[in-house]
Structures are given as C-alpha cells and as structure tokens.
Amino acid sequence: RGVLLVLVTTSSRREAMQIAQAAVDRKLAACGNVIPSVTSIFRWKGKIERSQEALLIMKTSGRRYTALQALVRSMHSYEVPEVIALTVQKGLDPYLAWVLNETAID
C-alpha cells in the first residue's frame, strides 16, 4: 500500500481549500496543493460544457484512500466529483516516507 496522488476538480478555489484542509486535519492526506484556475471542457448529460474550476492535488497512502474519497464526496458540491487516484511509481524516499507517516492511522 504505497503513496497515491489524488486529483479532484472543484467548483472554486475556496471549495478546494476546504477539502484540502479537512483532509490534512484528519490525516487523510499529507498535503494538498490547490491550483486555483483550470478550464475544463467535458460532456455532461449529453451536452458539451466548459467550466472554470480549481484543481486539488492530494498526496495520501493507499490505506487512507477510501476514507479520503468519502470525505471528498461528503464535502463536494458536484453530483459526480472527479476523484482519481494515481499510484506513485517512484519518488524521493524521504518524501514518500513522510506521506506515509503523515497519513498513518494512530
């Protein structure tokens, strides 16, 4: 159960900040990075949409992913939020150890 990079788009910078803060407070993520403005183009309910969103990037452990996903769903304003977890294949060992330590279940 290694380190995961979790991508979440949100309706605003504020929403991304609130989710990141809650995730770090609960040790569900070691870190959350908020990119305040991205333009998303997507198909939703048969229509092509264009939206200004924020992108939240969180680092977590595989053990904490399910709880992190539940937190995002409970706080997110979208009917179907983007929550995508990517496995970190390589990284600086002390950093990866920090992520695992910061998300360890007490």
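This is a predicted model: local features need pLDDT of at least 70, side-chain atom pairs count only at pLDDT 80 or more; totals for chains, interfaces and linings use all residues.
**Exercise 1. The buried side of helix 2**

Find which residues of helix 2 (residues 65-75) are buried, and say where around the axis they lie.

*Solution.* 
Step 1. Pick out the buried residues: they are Y65, L68, L71 and V72.
Step 2. Look down the axis. These residues span an arc of only 120°, so they sit on the same side of helix 2.
Step 3. Turn to the face pointing away from that buried side. It carries the exposed residues T66, R73 and S74.
Step 4. Ask what lies over the buried residues. The cover includes strand 1 (3-10), helix 1 (13-25), strand 3 (47-61) and strand 4 (84-87).

**Exercise 2. Helix 1 against helix 2**

Describe how helix 1 and helix 2 pack, and list the residues that meet.

*Solution.* 
Step 1. Packed helices are described by the angle between their axes and the distance between the axes.
Step 2. Read them off. Helix 1 and helix 2 pack at about 145°, and their axes are 10 Å apart.
Step 3. Assign the hand: the crossing of helix 1 and helix 2 is right-handed.
Step 4. List the contacts. Helix 1 brings E15, Q18, I19, A22 and A23; helix 2 brings L68, L71, V72 and M75.
Step 5. Compare with Exercise 1. L68, L71 and V72 are among the buried residues of helix 2.

**Exercise 3. The partners of strand 3**

Work out how strand 1 and strand 2 each pair with strand 3.

*Solution.* 
Step 1. L4 stands opposite T60 in strand 3.
Step 2. Take strand 2 (residues 31-44). It pairs with strand 3 over 12 bridges, also in the antiparallel sense. Here I41 stands opposite R50 of strand 3.
Step 3. Inspect the hairpin of strand 2 and strand 3. There are 2 residues between the strands, and K45 takes a positive phi near 55°.

**Exercise 4. The aromatic pair**

How many aromatic pairs does a search of the whole structure find?

*Solution.* 
Step 1. Count: the search finds 1 aromatic pair.
Step 2. Classify. The cut-offs are under 30 degrees for stacked and over 60 for edge-to-face.
Step 3. Y95 is partly exposed, at 32% relative accessible area. W98 is partly exposed, at 35%.

Conventions:
Residues are numbered from 1 along each chain as its sequence is written. Side-chain values use heavy atoms; hydrogens and water are left out. Buried means under 20% relative accessible area, exposed over 50%, partly exposed in between (1.4 Å probe, protein chains only). Helices (H or I, at least four residues) and strands (E, at least two) are DSSP runs, numbered from the N terminus. The arc is that of the directions from the helix axis to the C-beta atoms. Contact means heavy atoms within 4.5 Å. Two strands pair if DSSP finds at least two bridges between them. Rings of Phe, Tyr and Trp (its six-membered ring) pair if their centres lie within 6.5 Å; planes under 30 degrees apart count as stacked, over 60 as edge-to-face and the rest as tilted. Axes are lines fitted to C-alpha atoms, for helices over the stretch in contact, and angles run from 0 to 180 degrees between N-to-C directions. A crossing is left-handed if the near helix is turned anticlockwise from the far one by less than a right angle, and right-handed if clockwise.
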